[in-house]
Amino acid sequence: MMYNGSRATAVTRPAHREPMNARWLPHFFLKLGLAGSLLLCLTAVAAAQTAVSPLRNEALVNYPNDVRFVLELPADTAVTRATLRYDVDKTACLDAAAQVPVELTATDAGLTADWTWVMSRSGNPPPGTTLWWEWALTDAAGNETTTPRQSLTFSDDRFDWQTVAADGMTLHWYRGDVGPLLLEAATAGLARLEDDMGIQLQNDVQFYIYGSAADMRDAVLYVQDWAGGVAFDEYNTILIGVTPDSAADWGRSTVRHELAHLVTGQFARSCVGGYRPTWLEEGLAMYAEGEPTGDILDALNQAQADNSFAPLRSLNGSFPAHSEAAGSAYAQSYSVVDYLLTTYGRVPMQELLLALAAGRSADQALQQVYGLNVDGLEAAWRAAMGLPERPYPPTPTPISAAAVPTIAPMGRPASLPTPAAAAAPPPDQPAAPRIEICGLGMIPVLLLGVLGAQSWQIGQRRRAK
Ligand SMILES: [Zn+2]
């Protein structure tokens with residue numbers, strides 16, 4: 001399914017319907033009646049939309065920290081209340097504009113509404129994101145008018161960006177000559193996703209290649225200080241810090257890796273609480289990087305020699321923090337995904353991703369598609385690797401799909417912040433809550449969802465390579 005960045009749109013009134021008994025009415029009276037209704041409507045609209053001409057209507061961006069919205073009205077305005085509405089373009093299961101009532105204060109200019117969206121409270125959208133805003137203005141009689149919607153695009157103006165584009169992907173960079181090289185890597189990664197997995201890009205992707213990890217981290221609030229790349233699923237945007245001397249090796253594989261996360265997320269977006277086990281998520285991304293590197297092969301050989309692979313089930317969740325164990329977990333994940341694709345092909349892989357997106361547990365989805373649960377898959381993979389059987393504890397009762405927490409379950413860490421909810425409400429006037437959850441009826445598990453999403457993000461989404 002394809003999800004476009006959703007946004008609030010003006011409410012469309014249902015078209016007038018001809019009454020059931022209209023065919024018995026003389027046409028003349030019908031037309032007269034309709035014309036009269038129309039006239040009344042127009043009059044009402046004209047009365048409601050009292051002309052308001054702001055002296056100033058601006059959004060001042062201090063990226064990535066905050067956006068200050070300023071509205072100035074003439075002193076003689078009839079407006080008594082102002083509500084700011086804003087949103088950013090992104091892909092989300094449920095998305096609504098933020099609505100913030102803002103106090104009007106008398107200033108030299110007249111009446112001023114001044115409010116700041118503090119992005120530093122929960123994270124910022126990536127560069128390239130479009131923000132729109134408008135003001136709903138109400139007079140004492142309750143007549144409301146809305147200022148024309150305006151928009152701007154967040155940009156990281158610290159650097160002089162260059163751009164290359166191909167195949168629905170646009171890559172921005174500023175240091176060295178890395179752009180074409182990395183775009184070529186992205187194109188190759190996309191081809192592997194399409195050829196071997198049948199997964200295609202559904203929404204255009206933006207890459208921002210920073211000249212160093214430090215430069216990149218300064219563009220993202222609340223990113224781990226070790227992060228070298230961050231993908232913003234909901235914005236279809238990937239940020240990576242790539243020094244020119246690391247571009248050919250680390251840069252290329254990381255571009256492919258992060259792109260795979262994004263494209264897989266687009267293909268199997270879940271609005272019902274589905275999630276992918278980490279071994280599958282990371283294994284697919286490793287697979288998309290191309291032929292395994294020496295590191296991966298070394299880790300595989302070592303674990304095979306020691307018979308030290310982790311139980312696959314233990315890799316459903318977060319990966320080990322310890323770097324050596326994490327390396328082994330990535331290598332194992334790659335190997336299991338490679339086994340699935342080599343043995344069964346791409347169609348079952350797509351079915352698996354869609355079953356997970358539909359809310360099935362890893363056991364249920366694997367059983368449905370391959371006739372094996374997680375332990376059964378592990379046993380088959382171990383046999384194919386020539387490893388001895390591993391005794392399995394009883395399979396735990398699968399968590400029912402309905403109980404699986406869901407906040408942007410397949411979302412990236414940085415896509416978790418929802419700008420409106422992150423915004424500070426003005427004093428005494430709470431902003432309308434805007435909670436972005438996938439699927440309804442999930443409010444009771446919201447907190448659980450946040451915790452789950454956080455562990456998901458820590459475990460899976462940001463990877464120091
Ligand atoms: Zn990854």
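This is a predicted model: local features need pLDDT of at least 70, side-chain atom pairs count only at pLDDT 80 or more; totals for chains, interfaces and linings use all residues.
Reader: What is the mean pLDDT of the protein chain?

Author: pLDDT is the predictor's confidence in each residue, from 0 to 100. Here the chain averages 78, with 73% of its residues at 70 or more. Over residues 1-49 the pLDDT is below 50, and that stretch has 23 contacts in the model beyond near neighbours in sequence. Residues 397-465 also have pLDDT below 50, with 149 such contacts. A contact is two residues whose C-beta atoms, placed from the backbone, lie within 7 Å.

Reader: How many helices and strands does the protein chain have?

Author: Elements are DSSP runs numbered from the N terminus: helices are H or I of at least four residues, strands are E of at least two. This chain has 12 helices and 16 strands. Of contacts between residues at least 6 apart in sequence, 72% join residues at least 24 apart.

Reader: Now the backbone. Which peptide bond is cis, and which residues other than glycine have a positive phi?

Author: The general idea is that most residues other than glycine have a negative phi, and most peptide bonds are trans. In this model, the bond from Y63 to P64 is cis, with omega near 5°; P64 is in the loop between β2 (56-62) and β3 (66-73). D167 has a positive phi of about 55° and lies in the loop between β12 (162-166) and β13 (169-173). N307 has a positive phi of about 50°, in the loop between α6 (294-306) and α7 (323-344).

Reader: How do I check the span of α7?

Author: Take 1.5 Å times one less than the number of residues. The 22 residues of α7 should span 32 Å, and its end C-alpha atoms are 31 Å apart, which agrees. Buried residues in α7 include Y330, Y334 and L340, and their cover includes α5 (278-288), α6, α8 (346-357) and α10 (374-385). Just after α7, G345 has a positive phi of about 90°.

Reader: And how do α4 and α5 cross?

Author: Two packed helices are described by the angle between their axes and the distance between the axes. Axes are lines fitted to C-alpha atoms, for helices over the stretch in contact, and angles run from 0 to 180 degrees between N-to-C directions. The axes of α4 (residues 247-267) and α5 come within 8 Å and cross at roughly 130°. That makes the pair oblique, since under 35 degrees is roughly parallel, over 145 roughly antiparallel, 65 to 115 roughly perpendicular and the rest oblique. The contact involves residues including H257 and A260 of α4 and L284 and M286 of α5.

Notes:
Residues are numbered from 1 along each chain as its sequence is written. A residue is buried if 20 or more other C-beta atoms lie within 10 Å of its own, exposed if 12 or fewer, and partly exposed in between; C-beta atoms are placed from the backbone.
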